[in-house]
Amino acid sequence: MRLIKPLIIIFTSFAIAGCGINAPRSVVSSKDAVESCKVIEHDLGNTEICGLPQKVVAVDPHMLDLMLSLGIQPVGFAEVEAAIVGSPKLGEQMTQIKYLGDRITSHPIYIGTRNQPSLETILRLKPDLILGELGVSSYRNLEKIAPTLFPFKDFDNYQWQQTLLKLGQVFEREQRAKQIIIEHNQRIAQAKAKLANITQNSKLLLLGMSELGTIGVLNARTFPGALLEELGFELVIPKQVSADPNTDATISLEVLPQLDADIIIVTTFNKTPQVEKIWQQNLILRSLKASQNNRVYFVDYQLWGRIRGPIAAELMIEQMQMLLENVVRS
């Protein structure tokens, strides 16, 4: 037992330094592990998972959403830096997690930020499985600690459904994964029917904004854009920026009045009060048709752009119906 602790410290220091580590992947301890091994194909390779993972680490909120929807609780979690609530310390339990916290019962350990997870802290948790969606370098480091799935290269709307089905295989909850997708589609259909009077007569502009000089137009390939189209909205895309509706656009303030939008949704990057203040004080923004009709709505990009799973979609649909409640009545 005295030899194990020094070896762990040496192993961790090499991992953090980015040096090569040839330690074996950890697997679920079981006499039947060999018989129950499965190989999961994902964007960065093939990962062998033996047995049923019991200690799972989520390295971003997207994978946490998918886990929780399947009823899987995390032992560790890495949050997007801009969305951290309070001042959690490495290796200690997290007490608050935005939008997903009320569905967590496991008191996960804080393992750092999504872009810089602590390999040492993850190693101490001895996970059976690590889930994330970052780049190759992060994947290579994490897979040396435990079997790791990084199924996301792209941010297309339906990728979450494909990933959920894969996780259903991993956790032997395939039927639950399929049911979640069915329930999501039913929720879309119900909300679409309720919002039909608005969507049939309104064009919607979806913006990403953190300050006045940076205004992005989000299209149907983004998670919120695809969801809004599913609900029946016609998205406004600036033609002068790109003829391809699948290409994101960054526009200047002066271009906004040229876009014929009845409703504007502004996703803010953790700066909602500041963006609202900018909107109220700027003459061009206040002169827009949507502003004049009180149909500009500010939403948090953490929910609308980073989580991107069935739980987030459910919360977004509820928020849209709440925001447009007065419009529906009129």
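Does Tyr 99 count as buried, exposed or partly exposed, and what is its relative accessibility? Tyr 99 counts as partly exposed, at 31% relative accessibility. That value falls in between the limits of under 20% for buried and over 50% for exposed. The model discussed here is predicted. Its chain has 330 residues, of which 51% count as buried, and it contains 14 helices and 13 strands.

**The chain overall**

- The accessible surface of the chain comes to about 16300 Å². Carbon and sulfur atoms account for 49% of that surface.
- Of the contacts between residues at least 6 apart in sequence, 64% join residues at least 24 apart.

**Residues with positive phi**

- Most residues other than glycine have a negative phi.
- Tyr 99 has a positive phi, near 70°. Tyr 99 lies in the loop between strand 4 (76-79) and strand 5 (109-113).
- Glu 172 also has a positive phi, near 55°. The position of Glu 172 is in the loop between helix 5 and helix 6.

- Helix 8 covers residues 223-230 and is mostly covered, with six of its eight residues buried.
- Those buried residues are Phe 223, Pro 224, Gly 225, Ala 226, Leu 227 and Leu 228.
- Among the helices against which the buried residues of helix 8 pack are helix 5, helix 6, helix 12 (301-307) and helix 13 (310-323).

- His 184 belongs to helix 6, which comprises residues 174-194. With a relative accessible area of 5%, His 184 is buried, because this value is under 20%.
- Beyond its neighbours within four places in sequence, His 184 contacts Trp 160, Gln 161, Leu 227 and Ala 313.
- Gln 161 is part of helix 5. Its relative accessibility is 12%, so Gln 161 counts as buried.
- When neighbours within four places in sequence are left aside, Gln 161 is in contact with Ile 181 and His 184.

**The aromatic pair of Trp 279 and Phe 298**

- A pair of aromatic rings is described by the distance of the centres and the angle of the planes.
- The chain has three aromatic pairs. One of them joins Trp 279 and Phe 298, with 5.8 Å from centre to centre and 80° between the planes. The arrangement is edge-to-face, because an angle over 60 degrees is counted in that class.
- This pair connects distant parts of the chain, with Trp 279 in helix 9 (residues 272-281) and Phe 298 in strand 13 (residues 296-300). The two residues are 19 residues apart.
- Trp 279 and Phe 298 are both buried.

**The cavity**

- Rolling a probe the size of a water molecule over the atoms shows where empty space is left.
- The model holds one cavity of 30 Å³ or more. The space in the largest cavity is about 30 Å³.
- Its lining consists of Ile 40, His 42, Leu 149, Pro 151, Thr 163, Lys 166 and Leu 167.
- Strand 1 (38-42) and helix 5 (159-170) each contribute at least two residues to the lining of the largest cavity. Helix 5 gives the most, with three residues.
- By residue class, the lining of the largest cavity has four nonpolar, two polar and one charged.

**Two positions in contrasting surroundings**

- Asn 197 is placed in helix 7, residues 196-199. At 59% relative accessibility, Asn 197 is exposed, because this value is over 50%.
- Asn 197 and Val 327 are 130 residues apart along the chain, and their C-alpha atoms are separated by 9.2 Å.
- Ala 146 sits in the loop between helix 4 (136-142) and strand 7 (148-149). Its relative accessibility is 0%, so Ala 146 counts as buried.
- The C-alpha atom of Ala 146 is separated by 6.5 Å from that of Ile 130, a residue 16 residues apart from it along the chain.

Notes:
Residues are numbered from 1 along each chain as its sequence is written. This is a predicted model: local features need pLDDT of at least 70, side-chain atom pairs count only at pLDDT 80 or more; totals for chains, interfaces and linings use all residues. Side-chain values use heavy atoms; hydrogens and water are left out. Rings of Phe, Tyr and Trp (its six-membered ring) pair if their centres lie within 6.5 Å; planes under 30 degrees apart count as stacked, over 60 as edge-to-face and the rest as tilted. Helices (H or I, at least four residues) and strands (E, at least two) are DSSP runs, numbered from the N terminus. Buried means under 20% relative accessible area, exposed over 50%, partly exposed in between (1.4 Å probe, protein chains only). Contact means heavy atoms within 4.5 Å. On a 1 Å grid over the protein atoms alone, a cavity is a set of points where a 1.4 Å probe fits but cannot get out, and a pocket is an open set with protein on both sides within 12 Å along at least five of seven lines; lining residues have an atom within 4 Å of a point. Grid points are joined across faces, edges and corners, and a volume is the space filled by probe spheres set on the points. Ala, Val, Leu, Ile, Met, Phe, Trp, Tyr, Cys and Pro count as nonpolar, Asp, Glu, Lys and Arg as charged, and the others, Gly among them, as polar. Accessible areas come from the Shrake-Rupley method with a 1.4 Å probe; for residues, only the protein chains shown count as cover.
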